[in-house]
Amino acid sequence: MKKTMNTVIRLLLIPVLLFSVLAGIPAKANAETDLGLQVDAAILIDADSGKILYEQNADTSLGIASMTKMMTEYLLLDAIDAGTVKWDQEYHVTEYTYKMSQNRALSNVPLRRDGTYKIQELYEAMAIYSANAATVAIAETIAGTETEFVKLMNKKAEELGLTGYKFVNSTGLNNEDLFGMQPAGTGPNDENVMPAKSVAKLAYHLLKDHPDVLKTSKIAKKTFREGTEDAIKMENWNFMLPGLIFQYQGVDGLKTGTTDFAGHCFTGTAERNGTRLISVVMKAVGEDPKKARFDETAKLFNYGFSQFSKQEIIPANYKFKDQETVKVTKGKENKVAIAVKEPISFMVKSSEKDLYKPKLVLDKKSLEAEVKKDTVVGKVVIERSEGTDYGFIDGKDLKADVVTTEAVERASGISLFFQGIGSFFGNLWSSITDFVGGLF
């Protein structure tokens with residue numbers, strides 16, 4: 001009896017032991033890297049392809065503080081490219097910008113009440129020193145008033161496909177710091193918000209459309225109005241730049257942000273060996289939050305540069321084994337070879353390259369001659385077979401055209417005649433056999 005009971009107990013323990021063992025093995029489909037970031041939200045992307053390499057609470061709208069100024073930079077650089085604003089254009093100080101510039105509790109370069117300033121120096125004060133009055137001056141130059149400029153900010157955000165955003169001013173300050181002169185239609189305590197994913201998307205498009213922004217964002221120190229009695233030394237608030245206290249190899253941008261509401265935030269970018277990353281950390285916490293935002297950014301960059309590399313997922317001229325050709329009608333040949341025209345490359349973990357597989361999506365299953373070489377017949381998209389994949393910052397997968405690799409001439413009139421006869425009798429015979437088969 002005792003022996004029987006022991007056997008029963010052992011049998012009952014088997015599923016318990018199996019569960020314990022299996023519970024200790026992380027499921028590949030849900031395996032996510034935890035970097036232990038002490039932030040409310042974070043994201044890391046490849047600046048080239050927009051591939052998301054890591055994210056944490058990246059879809060929740062949070063305060064963005066002076067990271068807002070990336071949008072102001074974007075709109076200014078758009079205006080410069082369009083010729084509606086010029087670098088040497090002069091701005092005449094308004095009562096609003098004068099009053100704001102005198103508040104040294106905010107990041108500012110003092111402006112003279114009766115002064116004029118070139119857009120170039122105001123832009124540098126904004127991009128390097130996060131000068132708030134200089135930022136409003138730029139907004140007024142572009143749109144006439146900050147109220148109208150905020151409309152442009154929200155319009156650009158929509159064009160870029162940002163989500164979860166609300167712009168209420170050009171600087172990222174809380175409206176309570178605007179002396180009751182906040183843009184019309186906004187509340188006295190409103191503040192700009194966006195999710196980390198949208199902040200990263202803004203930075204991604206800023207670097208794509210205006211890469212010269214890095215020429216200014218990488219300046220660690222500069223004197224505003226050097227050589228005049230108004231000279232002010234500006235040290236970049238991005239302390240990860242070379243020569244500054246938390247320097248990190250390859251960092252050359254992009255924008256810090258700090259308010260009571262948003263906490264300490266930072267959108268950073270760094271390049272090493274031809275690979276550029278963009279990171280966003282929001283509301284870093286710790287004994288020294290100002291330092292913490294750079295510590296957490298360094299963790300993201302370390303992870304990205306050490307664990308990922310640019311891999312060619314699909315080479316040029318790749319052929320699909322189960323679909324190497326498409327049908328051609330009225331041609332000298334009855335089919336034509338197809339292949340992927342351009343290679344597809346993006347950053348992946350070196351150990352995970354084989355998890356990405358090509359999928360052919362044909363738009364045209366047959367072509368009528370004459371067929372030219374490089375005629376597009378479809379696309380190839382990349383699918384991941386298992387595990388966590390965050391996708392791309394624009395929400396779209398990378399695709400490449402699938403094209404014909406050779407030309408097919410149209411058949412001569414006599415050939416088309418015989419092709420028609422052959423097709424007629426072929427269809428007739430098929431119909432007869434189907435009919436006869438149906439009888440039996």
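**Exercise 1.** Which side chains meet in a salt bridge with Lys 215 or Asp 212, and is each of these two residues exposed or partly exposed?

*Solution.*
Step 1. The side chains of Lys 215 and Asp 212 meet in a salt bridge, at 3.6 Å from N to O. A salt bridge is a side-chain nitrogen of Lys or Arg within 4 Å of a carboxyl oxygen of Asp or Glu.
Step 2. Lys 215 has 55% relative accessibility and counts as exposed, while Asp 212 has 48% and counts as partly exposed. The classes are buried (under 20% relative accessible area), exposed (over 50%) and partly exposed (in between), with a 1.4 Å probe and protein chains only.

The model is predicted: local features need pLDDT of at least 70 and side-chain atom pairs pLDDT 80 or more, while totals for chains, interfaces and linings use all residues. Residues are numbered from 1 along each chain as its sequence is written, and side-chain values use heavy atoms, without hydrogens and water.

**Exercise 2.** Find what the salt bridge between Asp 48 and Lys 310 ties together.

*Solution.*
Step 1. The N to O distance in the bridge between the side chains of Asp 48 and Lys 310 is 3.0 Å.
Step 2. Asp 48 lies in the loop between strand 1 and strand 2, and Lys 310 in strand 12 (residues 308-314), so the pair ties together parts 262 residues apart in sequence. Helices (H or I, at least four residues) and strands (E, at least two) are DSSP runs, numbered from the N terminus.
Step 3. Asp 48 is partly exposed, with a relative accessible area of 41%.

**Exercise 3.** Describe how strand 1 and strand 2 are joined.

*Solution.*
Step 1. Strand 1 (residues 41-46) and strand 2 run antiparallel and are joined by 4 bridges; two strands pair if DSSP finds at least two bridges between them.
Step 2. One of the partners is Gln 56 in strand 2, bridged to Ala 42.
Step 3. The two strands form a hairpin with 5 residues between them, and Gly 50 in the turn has a positive phi of about 85°.
Step 4. In strand 2 (residues 52-56), 4 of the 5 residues are buried.

**Exercise 4.** Is Asn 132 buried or exposed, and what does its side chain reach?

*Solution.*
Step 1. Asn 132 is found in helix 5 (residues 132-143).
Step 2. Asn 132 has a relative accessible area of 2%, so this residue is buried.
Step 3. The side chain of Asn 132 reaches the backbone oxygen of Ser 107 at 3.0 Å.
Step 4. The C-alpha atoms of Asn 132 and Ser 107 are separated by 6.2 Å, with the residues 25 apart along the chain.

Notes. Polar contact = N/O pair within 3.5 Å; in protein donor to acceptor, adjacent residues only side chain to side chain.
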